[in-house]
Amino acid sequence: MGRLQDKIGLISGGASGIGEASARRFVTEGARVVIADINADKGRALALELGAAANFVHLDVTAEDSWRAAIAEVRRLHGRLDILVNSAGISVPADIETAELAHWHHTHKINADSVFLGCKHGLTLLKETTRAGAIVNLASTLGLRPQPGFIAYDSSKASVWALTRAVALHCCEKGYPIRVNSVHPGATLTPMMQGYLDAAPDRDAMLTMFASNHPMNRVGTPQELANAVLFLASDEASYITGVALPVDGGYCAK
Amino acid sequence: MQRLAGKVSIITGGTAGIGRATAVRFAEEAAIVVITGRNRAEAEKTLELVQRAGGSGCFLEQDVTAEAGWIDVMHAVVNRYGRLDVLVNNAGAFFVKPLADTSLEDFKGLWRINVEAVFLGTKHAMPLMARNESGGSIVTVASLAGLVGLDQCSAYCSSKAAAIEFSRAAAAEGAALAHPVRVNAVAPGPVWTDMIARQYGDTAEMRNYFSEDQPLKILGLPADVANGVLYLASDESRYVTGVALTIDGGRGAD
């Protein structure tokens, strides 16, 4: 028996990074997953690779109609939803003096509006169909410990944290059997970070800098983050809701 | 399953409640379980459950507040099993008393077992674990009471806050080792344990009170905490250190 045996999971940003690792981990634990992503080529390829346990649905996380369509597709495919993972996100550096309002809005749209919409529309199917449901939102250590060079990202991830707790309490108040928690990755070796490294004049120096911010002196892997998502999504965490779990090599403790 | 396969684990206070549930959960995941405590008869019962779960282990009599006892336990474990991978600082004490009625001895007594024992265990376990290629994991069973204030529990709350902060600081030292030793805490909220039943009386009214005392409105059980300890003890959380994982039915988020 897998730890997510026969559960239905929808994973936004499921085609790459922590979303992709979560999709892979979920399938090994007996879940069926719907990979939702704006990158159709990567998403379809991953669904194909994972076989009968996976489907792909196109999703623009910032568009409400797109969420409606994705949830409708999950309903058509499986008639049910047990787990929603909100993993899609972006990170672009800028501080309070250099950040343009457009950058601020864009970051919040992709990192925070997305989770708002995901929770809002995910709940419509979750509350109707699951007996033991879970939402896991990918926030960031920077949502708990902001860095000045990432002002919009900090704020958008703090929003995810607050939203997570509020939705957790809402589900309790309404008596929905749905837990809601956030995972807070430190620097993690995802395509997002790969982008930074590729753009850096000295890749190794950049990676060393990322690593040295964390007491364990290394960056995390998507698999390590997926393990945390799995734990919170599974029934092993059935008494855990409204929690922020850092997976960060000790970053938030220092 | 095999999530702790071959890992030599010490669980203090493994004679009841959360300690017993953790011992059984660890055994199910193929750990070697060393239970320490003062009550041999209860420890034998735990060991029987461990064996029934397919695991193996032993009992060592220990007063966790005595340093000499810790040194003896570490020697005994290394002599018998050759290594130490996991320490669960679970032994704890609790009382409810108005401040005016709390004697200095009451206060110190609680701190000895809830704080000093955690210090001693962590101090003596860390160098042993650092010898392992795979490092080690220390999990302290603190309490949500270390993060929020409970009426007439000032000694207990302050001791659990100290245990959490101790873990966060010790995590930095563990992270810097060549073979990292992770140090985390779990912070259970209302959980129906033997300790609680003794304190308040095992009545239907009390169980009902505990079921209603958090947003999820279910009775938190030692097994819920054991699952959190398992996650933090296992290699699945190898990038997690310095966190306090609340397991509280959402009470801390409220």
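Me: Before we look at this predicted model, what makes a residue part of a pocket lining?

Reply: Happy to start there: a pocket is an open set of grid points, and lining residues have an atom within 4 Å of a point. As a general idea, rolling a probe the size of a water molecule over the atoms shows where empty space is left. In this predicted model, the second largest pocket is lined by 46 residues. Gly89(A), Ile90(A), Ser91(A), Thr190(A) and Met192(A) are those nearest its centre.

Me: About how much space lies in the second largest pocket?

Reply: About 1000 Å³.

Me: Which element supplies the largest share of its lining?

Reply: That is H6(A), with 4 residues. At least two lining residues also come from each of several other elements of chain A, among them helix H1 (17-28), strand S2 (32-37) and helix H5 (151-174). By class, the lining holds 25 nonpolar, 17 polar and 4 charged residues.

Me: Now the largest pocket, please. How much space is there, and which residues sit closest to its centre?

Reply: The largest pocket holds about 1200 Å³. It has 48 lining residues, and Phe94(B), Tyr156(B), Thr193(B), Met195(B) and Ile196(B) are the closest to the centre. Two or more residues come from each of these elements of chain B: helices H1 (17-28), H4 (104-130), H5 (154-175), H6 (194-200) and H7 (204-212), along with strand S2 (32-37). H6(B) gives the largest share, 5 residues.

Me: And how do the residues of this lining divide by class?

Reply: For the largest pocket, the lining divides into 24 nonpolar, 15 polar and 9 charged residues.

Key. Residues numbered from 1 in each chain as written. Chains lettered and ligands numbered in written order. Predicted model: local features only at pLDDT ≥ 70, side-chain atom pairs only at ≥ 80, totals over all residues. Heavy atoms only, no water. 1 Å grid on protein atoms, 1.4 Å probe; cavity = no way out; pocket = protein on both sides within 12 Å on 5 of 7 lines; lining within 4 Å. Points joined across faces, edges and corners; volume = space filled by probe spheres on them. Nonpolar A, V, L, I, M, F, W, Y, C, P; charged D, E, K, R; others polar.
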